[in-house]
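Student: Could we go through this model together, a piece at a time? I will ask as things come up.
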Amino acid sequence: MKASKYILIIALLTSFGIVSKAQGVSTDSLQHDLAIIARSYGDSVVIRWAPASYQLWSLANKNGYILDRWTPGQTAFEQIAGPVLPYSLSDWKANADTTDTYVTAAAQALHGKQMVNPTESNALGRKLMAYEEQEGKLAFALLAAEFSTEAATGLGLRFVDTAVSEHNHFLYRVHIANSATDTAQVFIDARKVLQPNPVRQVNLEPQDGVINIIWNKELNDEVFSGYYIEKSSDGKNYKRLNNQPYISSQSPDAIEANVNNYSDSVSENNKTYWYRVIGITSFADEGLPSVVVSGKGKDLSPPKPPFAVIAKENDTQSIQVNWQAEPIEPDHAGYYVLKSFEVNGEYKIISGKEPLKGSATSFIDEHPWPHRPNYYKVVSVDDNGNQSESTAAMGLMKDDIPPAKPMGLIGQVDSLGIVSLAWEVNPEEDLKGYRVFKANSINREFVQITSGPIPGNFYLDTINLKTLTKKVYYKIAAFDFNYNPSEYSEVLELERPDYIPPVKPLMKQAQILTDTVRLEWISSSSKDVEKHVLFKKKGGEDWQLLATFTDSTNFFIDTDLLYGQHYQYVIEAIDENNLRSGKSKEASAFFRKSSVKTVNNLAGTFDQEQKSMKLSWQYEGSQNSKFIIFKGAIDGEMAFYASVSGEKRSFEDQSFYLNDAGYAYSVKVLLNNGRESGLSVPFEVVFEK
């Protein structure tokens, strides 16, 4: 409400300048206190003015307006009216038609009691309410003056100059008496009598039960302050639809931004109505009627759609479509039956160019597709072309023959684990699509990975590459529109790209012999290992390749040694895809030459009676020593087993027993001062099988 008041005031004040411009009247655009316009009627000139604010209006209502006139040849303005004051209440009753709405509105705005007094409170909200009330009064007063000569005269905003017979050109000015307010002025050529104008560019926009009368806003608002809309049911006799003028600023529902729009409700669609628009100026003059436009309300309400639609195969190789419908409306024109081979596809009419009768409840499709679904819709139409359609119903012809077995299944796996599958397209006309199945083992159950039959002959799948399962298996089956399945295709085997390195081998402790170092390890447990690589480094030097093993060998004897050096050894596994396990933990050896002689001629005999192994050896040296016996598997790691005093040259192993791998013995000399010899040459015991 507040915004509309301000818009109204601005529109009313602006209309003065606009109308004057349309009449060829110049105004002083720098004046803001008052606005003035004038119009020539040949024998008189009517001058209209308006204050720009409530404060100015209050001042003018107290002091009155002074109207001056200048004509060519005069040296100064002469006062022709003033002070012009508004009517008192008794003047309104005596001089104006108080039954006129605009007259009563003007009197009420002028003399009505103010509901909110801004001096009674210091509260900002109350002062704003008072300000809005004052501006509202001014707005109603200016509105009344626009459309009623009596209201404009009673408000002191209008004067008729009848002394115009001797001159043709006049300059009028108006100001508020006894005040320092600005003076507004207007020039007019009295010979240019403005002829009534019609409202231009009037059109209609018919709708359901409504006809919108629209006319150009910018073009017509330059001339008119408001509009009357008139209607005829016979094209001859017109009746005014609005008692009060239609104002452009009161048109929030305009169809377009640059048009005025008046909506007229019509009681009957498809009946012709005639309309014309008449403009009214700021001088309360009506213009000429516009061109007459005619139109009919449109019935845009569709009939109720058919329901319970079903489609069944007949014995005659046809499909019968049945439906139900609500009671038929008076304007119902009938039904169309539409068909498509996809539920959301394009439907085409199959029931003929003309609609079926409104009483129809069935239709027989004599040419259904035998190898694919037939989808049907029933459309209800009325005389105005409005339609409503049913939901789709599917009809199928009987088909027990499955598609052929899919052929040519191929595929590949990329580095991201995306599997691309392709195959040959089946030749059947009723082919619906394919289902894809997958397994991680040829002996496991295949699982369907498609939610339903997929069209085309291509499918993308994704698989996990971080798994020890090296292969993946696929097969497909074809389905027709009756969901008859084909045989499975041949199984496709694909290998996963290998991104998992092999398990690290385990390096055992290095064994230092007389002039060699024996190295042993436990090979990687990964099945795809292609080789083991042994590395060696001396002191702080870089690793050097020592040996490569492509078989099951799990030991190595290093003979390339220098006395007094530290050596480190590691081993690494490499699989078929050249993925490396990483180096094992290091095995270290410090190789030094011993000055202690080693044991010679280590031998042994088996005592059948005692079930023991008797070892003997030769050694020339001090008796301040002892002999350390080592025992282990052949080609295996030697470990401390027993010791005997330095005067002995034999040892009996009473824990000797048969095994598959056999045994190996070796003897080392350990002097009392801690010096030791290297291990003797091993004596090996092998059992015959």
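Student: How much space lies in the second largest cavity?

Tutor: About 30 Å³ lies in the second largest cavity, where a cavity is a set of points on a 1 Å grid over the protein atoms alone at which a 1.4 Å probe fits but cannot get out, and the volume is the space filled by probe spheres set on points that are joined across faces, edges and corners. This is a predicted model, in which local features need pLDDT of at least 70 and side-chain atom pairs count only at pLDDT 80 or more, while totals for chains, interfaces and linings use all residues. Residues are numbered from 1 along each chain as its sequence is written, and side-chain values use heavy atoms, with hydrogens and water left out.

Student: And which residues line the second largest cavity?

Tutor: Its lining residues, meaning those with an atom within 4 Å of a point, are Leu 465, Thr 467, Thr 469, Lys 470, Arg 496, Pro 497, Asp 498, Tyr 499 and Ile 500. By class there are 4 nonpolar, 2 polar and 3 charged residues in that lining, with Ala, Val, Leu, Ile, Met, Phe, Trp, Tyr, Cys and Pro counted as nonpolar, Asp, Glu, Lys and Arg as charged, and the others, Gly among them, as polar.

Student: OK, and what volume does the largest cavity have?

Tutor: The largest cavity has a volume of about 40 Å³, and the structure holds 2 cavities of 30 Å³ or more. Among the residues that line the largest cavity are Lys 304, Ala 325, His 332, Tyr 335 and Ser 380.

Student: Where does Ala 325 lie?

Tutor: Ala 325 lies in the loop between strand S16 (319-324) and strand S17 (332-340), where strands (E, at least two residues) and helices (H or I, at least four) are DSSP runs numbered from the N terminus. With a relative accessible area of 36%, Ala 325 is partly exposed, because that class falls between buried, under 20%, and exposed, over 50%, with a 1.4 Å probe and protein chains only.

Student: Switching topic, how many bridges join S32 to strand S35?

Tutor: There are 4 bridges between S32 and strand S35 (residues 555-558), which run antiparallel, and two strands count as paired if DSSP finds at least two bridges between them. Val 517 stands opposite Asp 558 in S35. Strand S30 (residues 506-507) also pairs with S32 in the antiparallel sense, over 2 bridges, and there Leu 506 has Ile 522 as its bridge partner. Strand S31 (residues 511-512) pairs with S32 in the antiparallel sense too, over 2 bridges, with Gln 511 opposite Arg 518.

Student: Why is S32 described as largely enclosed?

Tutor: Strand S32 (residues 517-522) has 5 of its 6 residues buried, so the rest of the structure largely encloses it.

Student: Aromatics next: how many aromatic pairs does the structure hold?

Tutor: The structure holds 22 aromatic pairs, counted when the ring centres of Phe, Tyr or Trp (its six-membered ring) lie within 6.5 Å, with planes under 30 degrees apart called stacked, over 60 edge-to-face and the rest tilted. Phe 549 and Phe 556 are edge-to-face, because their ring centres are 6.2 Å apart and their planes are at 65 degrees. Phe 549 counts as buried, at 10% relative accessibility.

Student: Which residues do ring pairs link into a cluster?

Tutor: Trp 215, Phe 224, Tyr 227, Tyr 246 and Tyr 262 are linked that way.

Methods:
On a 1 Å grid over the protein atoms alone, a cavity is a set of points where a 1.4 Å probe fits but cannot get out, and a pocket is an open set with protein on both sides within 12 Å along at least five of seven lines; lining residues have an atom within 4 Å of a point.
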